[in-house]
Amino acid sequence: MQPYEIRDPIHKRITFDESERKIIDHPFFQRMRFISQLSFLQTYVYPGAVHTRFMHGLGAMHVAGRLFGKVIEGTSAIVERLTAEEIDSLRQRLRLAGLLHDIGHGPFSHECESIFPMRRALPMDWSWWQDTEDRPTVAPSNGAMAGKQAHHEDYSVLLLQAMVKEGALDKILAQDIGSLIHVGVTPSNWMSKIEQRVPSLHALLRQLISGEADADRMDYLLRDSYFCGVAYGAYDIDWLISSMSAHEHNGRFVLALAENGVRAFEAFLLARYHMFDQVYFHKTKAGFIHYLEQAIATDEIPLMIPTDPYAYAALHDGAVIEQLFTAALETKNYWSQHIMSRIPARRILRLQEGVAEDMQTLEKIKKICELNDILWFIHRAGKELTSLGSDASHDLFVEKKILGGSKIVPMMEYSDLLMKYNEKLRFVDVFVHREDVDRFEKMLKAM
């Protein structure tokens, strides 16, 4: 029995041991109490959405443990190749990966990533990383840092490495956790040696943290739906997990669902689709994200994203909100004033990216606004329903019954719904500043 327990509205009971409590108590994870799960959706759309990345991390750890018990410990072909100590160590890695997968999020979660520094500017231990462009090279003579812009997973790895330096995490354990939450990080030699006995074990574990049916999505869909007060994210998590298993297929272990779990997976996928369509891509959130980006770009608020892990860990939602409150006291600060006064831009239309008729409409709107000095902007949002069939690392299979036994077939070949519903959500939301809405509508009628 685990010595510690908390109550949770989604999973009822979440238990953890002493070693996990030490990580939960670390300031880097405690900071997640002050990073909202849904940023502006909580502030201005769903007042009940008061949940945080802290709660989500605990929930993802709990689901990761359930997945490990069903998929790894429930597969005799895997268990018989591992010692009891190795199984315990792997369970620890997966649960901590679930706990810490979002530890690198900045203020307002994804909303501040547009001003993140370049990845190569981060003071990483690059020995963890694959031999790719992620590794730093000599900076150009002009001092610019080339390469990709950092994202929150990069900061997650940076914070893990800082915890290693302080002695809060074992280096081998931390590297394996990093490899489960970031595709660019290689697993330790310890995990690589285990994989020689259990082919593709690391890829299988990573799928349970970041895959088509992973601990992250399983928790946030139920949690976000519950706290927002909407029904879109509901699905049967118990039935879905109970149908999952690992199978040796073409020389590697893959994730598969029993046939009776396919409908639960389809319901899970549709829940995600509708949550993006109705909640995550909400028009009010999109408008205020634009305002925040402009407040930063025009220096209304002095927000800088540091590369030092401890300076970064000092940033949270409250720090940005205080900056916005201060900036809003100045009448010249249009963006901050509109954010803090809750005066959003008006979305006048949602268009589908790539649809010829909609793109013609977009050009018409652009012409009206430019000829009449109407302030407007667009917000593009997109999400793939699934990467099945396009990303081998996320492959999901079905254990299909046949005469005399069963066989493993790709999910994309089994599910008629997926073959018809595997579309991309690609929206173009068109906004007009609130002060110009009446004038825009008059110009539109006059055409």
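Modeller: A charge counts as sitting over a ring if NZ of Lys or CZ of Arg is within 6 Å of the ring centre and within 35 degrees of the ring normal. In this predicted model, Arg33 lies over the face of Phe54, at 4.0 Å from the ring centre, and Arg93 is placed over the face of Trp190, with 4.1 Å to the ring centre.

Turning to rings that pair with one another, centres must lie within 6.5 Å, and planes over 60 degrees apart count as edge-to-face. By this rule the count comes to 23 aromatic pairs. Tyr220 and Tyr280 are edge-to-face, because their ring centres are 6.1 Å apart and their planes stand at 75°. This pair links distant parts of the chain, with Tyr220 in helix α11 (residues 215–228) and Tyr280 in helix α13 (residues 262–280), 60 residues apart. Both Tyr220 and Tyr280 are buried. Elsewhere, one aromatic cluster is formed by Phe40, Tyr44, Phe108, Phe288, Tyr291, Tyr334 and Trp335.

The axes of helix α18 (residues 356–371) and helix α21 (residues 437–446) come within 10 Å and cross at roughly 115°, and the crossing of α18 and α21 is right-handed. On the α18 side the contact is made by Ile365, Ile368 and Cys369, and on the α21 side by Phe440, Met443 and Leu444.

Ser200, found in the loop between α9 (189–197) and α10 (201–209), has a phi near 65°, a positive value in a residue other than glycine. With a relative accessible area of 21%, Ser200 is partly exposed, given that buried means under 20%. Asn250 lies in the loop between β3 (244–249) and β4 (252–258), and its phi, near 55°, is likewise positive in a residue other than glycine. Asn250 counts as exposed, at 69% relative accessibility.

As for confidence, the chain averages a pLDDT of 90, and 92% of the residues score at least 70. Over residues 138–146, however, pLDDT stays under 50, and for this stretch the model has seven contacts beyond four places in sequence.

Definitions and conventions
Residues numbered from 1 in each chain as written. Predicted model: local features only at pLDDT ≥ 70, side-chain atom pairs only at ≥ 80, totals over all residues. Heavy atoms only, no water. Phe/Tyr/Trp six-rings, centres within 6.5 Å; stacked < 30°, edge-to-face > 60°. Helix = DSSP H or I, 4+ residues; strand = E, 2+ residues; numbered from the N terminus. Buried < 20%, exposed > 50% of the residue type's maximum accessible area, 1.4 Å probe, protein only. pLDDT = per-residue confidence, 0-100. Contact = heavy atoms within 4.5 Å. Axes fitted to C-alpha atoms, helices over the stretch in contact; angles between N-to-C directions. Left-handed = near helix turned anticlockwise from the far one by under 90°.
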